Amino acid sequence: MTLAFSQVAIIGAGAMGRGIAQIAAQAGSQVWLHDTQPEAIQKARDAVFQQWDKLQEKGRLTAEAVANFKTRLLGASSLQDLANCDLVVEAIVEKLDIKKSLFTDLEKVLAPTAVLVTNTSSLSVTAIAAALQRPGQFAGYHFFNPVPLMKVVEVIAGLKTDAAVCQRLSDFARQMGHTPVQAQDTPGFIVNHAGRGYSTEALRIVSEGIADFATIDRILRDQVGFKLGPFELFDLTALDVSHPVIEAIYHQYYEEPRYRPNVITAQRLAGGVVGKKVGEGFYKYVNGVAQTPAEPPVPVVKHIPPVWVSPRAARRMELLQLLKDLGAKIETGASPSPEALTLVAPLGFDITTVAVVERLDPARTVGIDMLIDDAATKRRVLATNPATRSDMRDAAHALFARDGKAVSVIRDSGGFVTQRVVATIVNIASDICQQRICTPQDLETAVTLGLAYPLGPLAMGNRYGPTNVLEVLFNMQTVYGDMRYRPSPWLRRRGAIGLSLLHTEE
């Protein structure tokens, strides 16, 4: 197959530029690496050469291939050296004025048919291209770090980008071994936009005093299957990177409540507690290993009272079977006896509200999260309300830990941790589809490859039920009176008529 671009220039010899240069050379292109600091060019070439040498040592590349790759990666001391390039990729500092100036200079040097692209993660592609004479030849080409390992690239069309340019860039991404996804020019594009649900909602949960960082990370890893909890992820990416992205998307969407930043990350950034790279973030690190607090022990309870389950509980039959399997004595009356542990399993509502509405004794009422099938999780999550007696809390904890499955007990909230985070993820993804930023299929691909979620956000909504997600959102909006939980019209329509979230609209 003919290469989409045979002469490729990379402007910026940092980590991103090096990675892009490496995979472009491996695809067969002649690659020119330029940087305003001449010593950075040679340093970057040496780093890429070392990567190839390591791959050869591991048997993943032949000596002949490595030798060929090295001949394809050259340095360029000036922009004039790039005159024959048919693709130029910019990977420099995230400053709009500097990028605009660079591309204006490049346009004077390159042939009219050359394609110019920016690797920006947060700036408007249209704004960068505004001063160009040929904006149709300009697009966003957003890779993720480390480029050779993160196999997705966002191809972003600016307001005046030629569709053929995006197709050509997509073809080249495949030739470099990556998966392209196409997006419209909107704040955060696909991955950084879709990722707002995971991090920002987790921050809100902490700020409301519902659970600590480690507990939230454990719940989302064990209940949903995320590889990293949100605070582990913050520490890995570092707050000096993550917090500005949160703020940028929030302001670029004119203070849309769904993307509201949180004072927790702002304060930690100001204090320099930004993550693993400095040895302290949401966790402290010793020799690169996070120091996590031990899980609270299972209470020792001499007597577990009989259990009564609310008739309105989510997955009530499954919950009753679970209690039977755990050896609980189950009450079947219309109301609980004075001695009974009362279990509720709401979607989106807090335990206090449920106890009041259902006229239950709050002192004996404990909630359990049943959004996800218990058999599919590694952890059960219980929630108390402010009046729950300690003996009832401990009895519930001990009962649900009988079979050895981990149990977390959190404070009262509107919706459990998993419910809130999953519903927010699905809702934001649905809004991306509503805005037609990308296709549902590209959304799923971008998120699973770019964020390593166990499922794409729409597949997540399908698995746990669009109607359940909607119920969580509607009830959360009632509890908090906050527009950040308003359901996307795209999600609401599908929940109403039972269509798969992945179904594409005409």
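**Helices and their neighbours**

Modeller: Let's start with helix 3, where Glu-64 and Thr-71 are exposed. Keep in mind that this is a predicted model.

Biologist: OK, and which residues of helix 3 are buried?

Modeller: Those are Ala-65, Val-66 and Phe-69, in a helix that runs over residues 63-72. They span an arc of only 95 degrees around the axis, so they sit on the same side of helix 3. Glu-64 and Thr-71 are on the other side.

Biologist: What covers the buried ones?

Modeller: The cover includes helix 1 (15-27), helix 2 (38-57) and strand 3 (73-76).

Biologist: Let's stay with helix 2. At what angle does its axis cross that of helix 3?

Modeller: Roughly 170 degrees, and the axes come within 9 Å. Helix 2 is therefore roughly antiparallel to helix 3, since angles over 145 degrees count as that.

Biologist: Which residues meet there?

Modeller: From helix 2, Arg-45, Phe-49, Trp-52, Asp-53 and Gln-56; from helix 3, Ala-63, Val-66, Phe-69 and Lys-70. By class, this contact has five nonpolar, one polar and three charged residues.

Biologist: New topic: how do helix 9 and helix 10 pack?

Modeller: Helix 9 (residues 213-224) and helix 10 (residues 230-237) have axes 7 Å apart, at an angle of about 105 degrees. So helix 9 is roughly perpendicular to helix 10.

Biologist: And which residues touch?

Modeller: Phe-213, Ile-216, Asp-217, Leu-220 and Arg-221 of helix 9 meet Pro-230, Phe-231 and Glu-232 of helix 10. That contact has five nonpolar, no polar and three charged residues.

Note on methods: Residues numbered from 1 in each chain as written. Predicted model: local features only at pLDDT ≥ 70, side-chain atom pairs only at ≥ 80, totals over all residues. Heavy atoms only, no water. Buried < 20%, exposed > 50% of the residue type's maximum accessible area, 1.4 Å probe, protein only. Helix = DSSP H or I, 4+ residues; strand = E, 2+ residues; numbered from the N terminus. Arc of directions from axis to C-beta. Contact = heavy atoms within 4.5 Å. Axes fitted to C-alpha atoms, helices over the stretch in contact; angles between N-to-C directions. Parallel < 35°, antiparallel > 145°, perpendicular 65-115°, else oblique. Nonpolar A, V, L, I, M, F, W, Y, C, P; charged D, E, K, R; others polar.
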